[in-house]
Amino acid sequence: MELQQDPTLLWFMAIYAIVMIGIGVFMSKKVAGSEDFVLAGKSLGPFVLMGTLLATWTGSGSISGGETSMAFSYGILPSFMMMLPTLVGIIILYVIAPKIREQGKFTVAGILEAKYGRTARNLASVIIILAYVGIVSYQMKGFGFILNLTTGMSVAAGTMIGAGMIIFLAMIGGLRSVSQTDAISGFLMVGGLIITVPTIFIVAGGWSEIVANVPESHMSATGGLTTIQMIGYLLPSLFLLLGDQNMYQRLASSKGNKAAKRAQLGWLIAMIVISPSISLIAFASRSLFPDIDPGMALMATTVAMPVAIGGILLAAAASFIITTGNSYLLSAATNLTYDLYKNYVDKDASDKKLLGMTRIFIVVLGLLAFVIISYFPTVLSVQMYAYTVYGAGLTPAVLAVFFWKRVNVIGGVSSMVAGVVATLTWEVLLQKPFEVNSVVVAVPVAVIVLIVGTLLTTNNYQSREATSNA
């Protein structure tokens, strides 16, 4: 089937944009201070919290990378497996959510400082900013794919428009407005995918026709990938989720532990619906449009279906991209404000000034993200890089805070350094040997250094002592 743009679908995008901007402006008027802006005043109930967890996690990484690119490039079974890290991660977060709330920190860097000292906080802030700016960048490009499909506009121009929306919505109301738009987006996506799956299978001629039109390797367990390569695609999302500052901030913003638990169970159930649905739609797209960019697989189906259904899916996909982008942008700006600016530039800054600086940093980091995406050939490549920098650099040290009382300053800080160095060495210096993602090397290195560094050093290195001496 020939892929043709359908400008009619742009109306659905316009309606979505107007609604989201309207909600953002309305909720911004309720922002009374920093806690409102960063943690929504710790007022989120289970319904809104579930929606914001869902929408923040499932963005362009799934819509243009993740399950979508895997289904198109390697087949349905490898794409289904991309769901497993998310489900495992949600279950583990469910266990530690009460401890996250007890910490009472704005950032993951703050949690790490309490255990490992100021050096850990500074290093964590740099890692988070580095990774999150990368994640924001491919949300922008994912939006560019959408406008390219609907109007024929260049991906570059569409990416610029996506950047504008992401920056604006993050800047105007913080988590107070982002959480509300996230909730709407989350439920819009679930509904859109449920409608789309049977429709696109009918359009594609049914399962047998789809299978007949895809390469034979696409029906194998790994789609031609080696076991190590497959692991390289699965681990990054798991280790990002387990230490993701966005998730920690949202769990900390809930009304209480009961609300957080209900929200996480709802999130788990929603992901069991969403992830396989994305895989099936992208797999059908491989049969219909074999020559398109893998990252456009899900979006392409919108022009093959009835306009109403295609428009709903398109608006839903756009909503996830925008909400994920502004969430990660807000989170990265929070690190700049509270972990770096407040501690090193203006220690006596008022709450009002900190709020203003957060908004400024949102704009600065958003523009940086827009520049970065031009250096990566595909959404999937920048996704794997960003996930691994974060997952290897932070997650082992973060999880040790909750699960290993014996871990000390040297073990934690050394693990963070080792994770980042291993990632950059594998990706940049060695140019990813054997086409294996760096997570296969970087995460084991970080974990080993964490354990060995702790065991080989004296127990006199207690976290609070390190903090006071830093």
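**Exercise 1.** Determine which residues form a nonpolar patch on the surface, and classify Val 452.

*Solution.* Step 1: Ile 448, Ile 451, Val 452, Leu 455 and Leu 456 form the patch, and together they have about 480 Å² of accessible area. Patches comprise residues with over 30% relative accessible area and no salt bridge, joined within 9 Å for like charges and within 5 Å for nonpolar side chains (Val, Leu, Ile, Met, Phe, Trp, Tyr). A salt bridge places a side-chain nitrogen of Lys or Arg within 4 Å of a carboxyl oxygen of Asp or Glu. Areas follow the Shrake-Rupley method with a 1.4 Å probe.

Step 1: The model is predicted; local features need pLDDT of at least 70, and side-chain atom pairs count only at pLDDT 80 or more. Residues are numbered from 1 along each chain, and side-chain values use heavy atoms.

Step 2: Val 452 is found in helix α21 (a DSSP run of H or I, at least four residues). Because its relative accessibility is 41%, Val 452 counts as partly exposed (between buried, under 20%, and exposed, over 50%).

**Exercise 2.** Locate Val 441 and state its separation from Gly 232.

*Solution.* Step 1: Helix α21, residues 439-456, contains Val 441. Step 2: With a relative accessible area of 27%, Val 441 is partly exposed.

**Exercise 3.** Describe the backbone at Gln 431 and Lys 432.

*Solution.* Step 2: Phi is near 60° at Gln 431 and near 55° at Lys 432. Step 3: Most residues other than glycine have a negative phi. Step 4: Gln 431 is exposed, with a relative accessible area of 57%.

Methods
Helices (H or I, at least four residues) and strands (E, at least two) are DSSP runs, numbered from the N terminus. Buried means under 20% relative accessible area, exposed over 50%, partly exposed in between (1.4 Å probe, protein chains only).
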